[in-house]
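Please open the structure in your viewer and keep the selection tool at hand.

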Amino acid sequence: ASAAAAGVAAVVRHASRQQAPKPVAAVPVLTGSGSFHLEQSLSPIFGALPDDACAHWGRLPVLEQAFLESRQNILANEIWQGTCSLDEPLSPGDEGGVLTEPQTIFNLVNIMVGVGALSVPYALKMSGYSALLLVVLVIFITGTTAKWIGECVDMASKSELAEAVPPSARDFGFLALASVGPRFSVFINLVTVLEVWLALVTFMVMNGVNAGLVWPDSSPASTIPVLGAVACGLVFVPQHIFAYLSLISTFSMVVAAAAMVGATYMLRQWADPYEHLGEAALLQVWNIPRSVGIIVFCFAGHPCFPGVRSSMKAPSKWKDCIYVSFLLAFVYYGSFGLLGYIVFGPYTAQIMTDNLGSIPGAAHFRLLASFCFLLKVQLTVPLLLNAIVIAIWAPRALSPQWPPLRIALVIFIGTVTVLVSLCLADKLAVVASLAGSLLVMITSVLFPALVHLILWRRYRTERIDLCMKVQYAVVFLFGVVMALLGTMSAITDLMK
């Protein structure tokens, strides 16, 4: 940690000798499952680092190094193209935020709301209508930890490490470093990478199903490799171009959701699960951990929250933005899950678009919904793949961004992911439940709670009151119990 701090401190000392910053235009930057619009700019601090900074460069934690090195590469490319001068700041958000409250809410919703909703009706099928209470519980837990992340960012800013790390770089790795130490930082970085990879597998399986609805004569054995190859190719598209495709991705998801609602109303008679299943339609206790895993998987965006929080103009409004964003997420996932379960009941598939083929007279809605969801997922997969590649091998300044070995790494990861997706093509819900129970439960529930508890005791003078103790107890109990039960259930289902 001291080596990393010394290296970044040397960078900061070097930066302080540069000219005053000049503002630049805003460009969209993609993170997680959505688009995170930040006002970005570039800095000369990476143009010619002093020797004492370079001596410590290789010792930074993996994801922090990946982040900084990728910014190096962007700077070098802009300089070569003549679109960036050497006296522009790294990020105006380092001195003052750029996101208004509506923009913050938009980014939070865009991170949380996605194609995971396609599996929420299946979560209700497994646990019954009571799964709606699980949605409420998960949103309460993850909303609480999201609020705590904002407080963690504030408390960690009081640490000695914060003097060497700009606000825009204070991610989960930094919070782990500030609260426990470098080993904990490495651990949470590895968990995050594994979480992203399992999400990548889930999305590829999901697109195999969607492709089968768009092209009925195809099979996952043929569509998953083809779509995987296309995703690998899209990784090499320049990010400033790919960023604008996020608008198409978001629009396609809205159209797909509307088409699915239209298709369900074409069905003459809904399933009404209670008439067919009786009390089993209300509650199936043994499936609760499986349903929780699927629902938690939908809230895998917490690692992006520190960046959003650090970029707000009014950080004191973070809690208000969380309340609004998670309320909108509840409306989206709750209504989507309830509608799918009421309409299809015991016949609800692992991915809801698979049910659309059974609706007579809804061919156009089915095709439109399937194609739009396919487009949404296909434009998300390259982002996840690129995030994994950067974490393993980040591009370096003044060097080719895609040397042959780095291209081979993309192809290798893509190939492995395609092969795993083919093996798990009929276990989409199991993979989502495993990722949610084992990995997302760590990053979105247990990690924020633990870091918040440690930093609170270290930097806050007030005592932890009874209400806070109850919140800690609920979050830790829920996280540990559901992580254990959900992971065991998912592994058992995978072995079948």
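Is R460 buried, partly exposed or exposed? R460 is partly exposed, with a relative accessible area of 28%. Please note that this is a predicted model.

The structure has 4 salt bridges by the rule applied here.

Next, select helix α6, residues 131–156. Its 26 residues reach 36 Å from the first C-alpha to the last, close to the expected 38 Å. Of these residues, 20 are buried, so the helix is mostly covered.

Within α6, select E151, and then K319. Their side chains meet in a salt bridge of 3.2 Å, N to O. K319 belongs to helix α15 (residues 318–344), so the pair ties together parts that are 168 residues apart in sequence. E151 is buried, with a relative accessible area of 15%, whereas K319 is partly exposed at 37%.

Now select D154 and R309. Here the closest N and O atoms of the salt bridge are 2.5 Å apart. D154 lies in α6 and R309 in helix α14 (residues 305–310), 155 residues apart. R309 is buried, with a relative accessible area of 6%.

Proceed to F305. Among its contacts beyond its sequence neighbours are A146, I149 and W318. F305 is also one of the residues that touch the most other members of the largest nonpolar core, which has 131 residues. Helix α18 (residues 428–459) supplies the largest share of this core, 17 residues.

Technical notes. Residues are numbered from 1 along each chain as its sequence is written. This is a predicted model: local features need pLDDT of at least 70, side-chain atom pairs count only at pLDDT 80 or more; totals for chains, interfaces and linings use all residues. Side-chain values use heavy atoms; hydrogens and water are left out. A nonpolar core is a set of buried Ala, Val, Leu, Ile, Met, Phe, Trp, Tyr and Cys residues joined through side-chain atoms within 4.5 Å. Buried means under 20% relative accessible area, exposed over 50%, partly exposed in between (1.4 Å probe, protein chains only). Helices (H or I, at least four residues) and strands (E, at least two) are DSSP runs, numbered from the N terminus. Contact means heavy atoms within 4.5 Å. The expected span of a helix is 1.5 Å times one less than its number of residues. Lists of a residue's contacts leave out its neighbours within four places in sequence.
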